[in-house]
Amino acid sequence: MIERPELELDRKAFREIHQGPMASPKDLWRGVITFGLIAVLGAVAGWQLGGFWAALLPIPGAIWLGASLAGIYPRWFFGKPD
């Protein structure tokens, strides 16, 4: 068998300093509100319009809503780090 070398890493040795939206949760919360409204309005518009394609209207807003929530609460989406 091939033995693999063990890496001895200290979790606190490297720390990423976030810039941009990750540095300020206000931007992520703004995204949650914005894309949540887009998803709800798209769902209501799709419901009113009817048709098989109407379900596609809320999808883009819901995707970005999920991305914003994943930025605020990464443990909900990616699990707890070991």
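**Exercise 1.** Is tyrosine 73 buried, partly exposed or exposed?

*Solution.* This is a predicted model, where local features need pLDDT of at least 70, side-chain atom pairs count only at pLDDT 80 or more, and totals for chains, interfaces and linings use all residues. Residues are numbered from 1 along each chain as its sequence is written, and side-chain values use heavy atoms, with hydrogens and water left out. Next, the cut-offs: buried is under 20% relative accessible area, exposed is over 50%, and partly exposed is in between (1.4 Å probe, protein chains only). Tyrosine 73 has a relative accessible area of 30%, so it's partly exposed.

**Exercise 2.** Find how tyrosine 73 pairs with tryptophan 29.

*Solution.* Start with the count: the structure holds 2 aromatic pairs. In one of them, tryptophan 29 and tyrosine 73 sit 6.1 Å apart, centre to centre, with 80° between the planes, which makes the pair edge-to-face (ring centres of Phe, Tyr or Trp, the last by its six-membered ring, within 6.5 Å; planes under 30 degrees apart are stacked, over 60 edge-to-face, the rest tilted). Now place them: tryptophan 29 belongs to helix 1 and tyrosine 73 to the loop between helix 2 and helix 3, 44 residues apart. Tryptophan 29 has 37% relative accessibility, so this residue is partly exposed too.

**Exercise 3.** Where is leucine 49, and is it buried or exposed?

*Solution.* Look in helix 1 for leucine 49 (helices are DSSP runs of H or I, at least four residues, and strands runs of E, at least two, numbered from the N terminus). Its relative accessibility is 57%, so leucine 49 is exposed.
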